[in-house]
Amino acid sequence: MRGLTDKHYTIGMAGHIDHGKTTLTKALTGVDTDRLKEEKERQISIELGYAPLVLNQDTQLSIIDVPGHERFIRQMIAGVSGIDLVILVVAADEGVMPQTKEHLEIVKFLQIQKGIIAITKKDKVEEELLDLVQEEIMDELEGTMFHQAPVVFLDSTKNIGTEELKETILRQLEDLQVKHESGSFRLPIDQVFSIKGQGTVVRGTIMEGMVQSDEELQILPSAVLVKARQLQVHNKMVEKAKAGQRVAINLPNIGTEEINRGDVLVQSHTYETTDTIDVSLQFIKKLPIPIKQRSLIKVHIGTAEVMGRIIFFDRNEYQDSNEEVLCQLRLEEEITAKRGDKFIIRRPTPVETVGGGWVIQAKGSKYKFGENTIRTLQKVKDGRPTERISQALSKNRLLAYKDLQEETGLTKCELDALIEDGKLIIIKDTYYTTSDNLKVTSQQVLEYIHTFHMANPLKGGVAKAEILSNFSNSVPKNLVEHVLQSLQVDGKIMRNESLLYVEDFKPHFPPSWKKRMEQVVSHIEKDGLTPKPYVDYGREAGLPEKELRALQHYLIKQKKMYELDEKHLVCVKNIADSVCQLKKKHSQKFELSDVKEELGLSRKYLIPYMELLDALQITKREESVRYWT
């Protein structure tokens with residue numbers, strides 16, 4: 001009994017109608033799960049019945065008595081979807097019956113790993129024949145998960161065998177993996193009702209995560225926000241409930257008509273809905289009628305039941321092969337699902353269970369028919385956590401936590417381990433990407449800046465907005481911004497005002513125009529403070545207008561030239577030399593006449609020259625006098 005401390009499990013009673021599931025549940029728990037009037041009258045279970053089973057103070061169990069009659073298979077599937085261990089109830093005087101077999105198929109498809117065979121009504125068979133009864137039952141169960149399961153004989157009306165069954169349950173649960181308490185809260189709803197004075201109550205088994213009273217939650221697929229006012233676990237008020245527990249949650253300010261069985265209660269904004277799921281599917285051994293391409297099917301997943309169509313990518317129909325099929329289910333309604341969720345499919349006409357499997361990708365896309373699609377789906381199915389992360393982030397490069405968890409089906413612990421190993425990178429505390437994506441994006445950004453430098457050697461760099469615009473259709477903005485910041489921190493790119501450039505880049509003349517540009521610069525320097533119009537220098541050097549304008553921008557940005565006015569450039573060195581010359585004669589102040597006399601400038605150049613000194617804050621004008629600053 002060690003190892004079960006503070007763990008919560010759900011046990012399902014499955015089997016044919018009238019084989020004693022409800023009676024056995026009552027013998028174990030003291031609770032009569034037939035609560036509806038019509039159930040009492042007809043002596044069959046229509047709705048799911050729930051009861052707490054107290055084995056010791058550390059072990060919390062819920063027993064679900066699922067209906068056995070064929071007409072109530074839907075309710076049975078809703079109950080089994082949250083079960084950790086199945087007790088298969090078989091009456092000693094009848095053995096394995098048709099509904100027993102269908103329940104076995106459902107248990108197999110839902111991949112429930114633990115089971116116990118409870119042979120009830122032992123008083124109906126002579127003692128010496130019980131071994132034969134067990135042998136016949138085990139023969140019928142050969143090839144199923146119950147073939148090696150422990151067997152307990154019971155007479156529930158006289159409480160014979162119930163203690164042995166309790167001990168067997170504990171032994172079976174010892175090494176069972178518990179549901180994820182660390183994940184985001186998810187509760188498939190299987191019951192909705194109203195209590196006078198309290199309002200709407202929903203009930204279900206928590207698949208993962210934890211919920212607390214007064215927490216804000218969301219109902220999917222309607223996306224209605226609600227608050228959990230009160231929580232009950234088996235009629236006891238609690239402040240929080242965890243994965244594996246059966247819980248009732250009071251939701252004020254919402255009517256019962258706004259919630260349906262099959263809806264899912266989640267932590268707000270942590271899950272999304274989907275109507276296309278990629279799946280691994282298996283069928284029952286012998287299908288009387290083939291399943292054809294795009295066949296209409298009824299899908300049971302969690303507590304939801306929705307119509308949909310099956311889409312094959314490697315065949316046009318399925319009948320007998322016993323092989324796993326990778327395919328897609330396109331649904332008529334949105335559901336809440338994630339990788340790893342189990343499901344059952346049934347044919348609507350004639351009504352029968354035909355198969356089941358698990359979700360390999362919760363948000364499927366439209367794929368082409370053929371082997372390429374099958375290979376892709378196989379990689380998604382087989383992928384280790386790193387491969388699943390790579391697959392999910394290969395399409396988007398960047399995902400929010402909830403989207404990443406939904407795409408991959410990984411738990412918080414698994415994602416945290418990938419972060420610790422450096423395989424998964426957090427961006428801005430909200431988004432996630434792979435180290436490979438980061439490396440590839442960094443290389444692409446560096447290559448883009450290098451290419452820009454080659455095409456625009458005169459420019460000091462490229463604007464951040466231009467980089468973001470270039471990658472806007474292929475890489476998320478947040479990822480590019482993170483890469484730019486990281487490259488600056490690492491010293492691989494530098495920043496000058498609004499421009500970014502690689503660390504070893506310096507603006508320079510393009511080789512093809514270098515000589516002509518040097519000629520333009522040389523002639524402007526030679527002409528001192530009385531340059532010709534800038535375009536004349538370009539015309540004399542044979543420099544095209546585009547290159548001439550690029551050179552002008554370069555000379556000004558690199559602080560090699562000043563704009564004397566809109567038509568003339570003047571060399572920075574020539575201005576510096578002239579200022580030194582003036583200061584020698586006029587150390588404090590001067591007027592226009594002083595400059596004209598000292599520098600010999602005509603009025604055409606004199607006024608622009610003085611205004612340039614003012615603009616550069618070399619001088620300060622007060623009426624007709626200039627003072628050095």
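User: In what order do the strands of the open sheet with S34, S35 and S36 come?
Analyst: In this predicted model, the order is S34-S36-S35, and the pairing is antiparallel.

User: Which ones are the edge strands there?
Analyst: Strand S34 (589-590) and strand S35 (619-622), each of which pairs on one side only.

User: How many bridges join S34 to S36?
Analyst: 2 bridges join S34 to strand S36, residues 625-628. Within that antiparallel pair, Lys589 stands opposite Tyr627.

User: Which helix lies across those strands?
Analyst: Helix H19, residues 603-615, lies across S34, S35 and S36. Its direction is at about 110 degrees to S35.

User: Moving on. What about the sheet with S26, what's the strand order?
Analyst: That open sheet has 3 strands, ordered S26-S28-S27, with antiparallel pairing. Its edge strands are S26 (399-400) and S27 (424-427), and each pairs on one side only.

User: And how many bridges join S26 to S28?
Analyst: 2 bridges, with S28 covering residues 431-434 and the two strands running antiparallel.

User: Which residue does Leu399 stand opposite?
Analyst: Tyr432 in S28. Leu399 itself belongs to strand S26.

User: Is Leu399 buried or exposed?
Analyst: Leu399 counts as buried, because its relative accessible area is 9%, and buried means under 20%.

User: What does Leu399 touch?
Analyst: Leaving out residues up to four places away in sequence, Leu399 touches Ala392, Leu393, Leu404, Glu407, Thr430, Tyr431 and Tyr432.

User: How far apart in space are Leu399 and Leu569?
Analyst: They are 52 Å apart, C-alpha to C-alpha, and 170 residues apart in sequence.

User: Now Asn437. Where is that found?
Analyst: Asn437 sits in helix H11, which spans residues 435-455. Asn437 is buried too, at a relative accessible area of 12%.

User: Which residues is Asn437 in contact with?
Analyst: Setting aside neighbours within four places in sequence, Asn437 contacts Leu393 and Arg397. Leu393 is also one of the residues that Leu399 touches.

User: New topic: how many residues are in the largest nonpolar core?
Analyst: 52 residues. Those with the most contacts inside that core are Phe146, Phe283, Val299, Ile310, Leu329, Phe343 and Ile345. Strand S23, residues 325-335, gives the largest share of the core, 5 residues.

User: What does Val299 touch?
Analyst: Not counting residues up to four places away in sequence, Val299 touches Ala304, Glu305, Val306, Leu329, Leu331, Phe343, Ile344 and Ile345.

User: And the second core, how many residues does that have?
Analyst: The second, separate core has 23 residues, including Ile427, Tyr448, Val462 and Leu484.

Note on methods: Residues numbered from 1 in each chain as written. Predicted model: local features only at pLDDT ≥ 70, side-chain atom pairs only at ≥ 80, totals over all residues. Heavy atoms only, no water. Pairing = 2+ DSSP bridges. Helix = DSSP H or I, 4+ residues; strand = E, 2+ residues; numbered from the N terminus. Core = buried A, V, L, I, M, F, W, Y, C linked by side-chain atoms within 4.5 Å. Buried < 20%, exposed > 50% of the residue type's maximum accessible area, 1.4 Å probe, protein only. Contact = heavy atoms within 4.5 Å. Axes fitted to C-alpha atoms, helices over the stretch in contact; angles between N-to-C directions.
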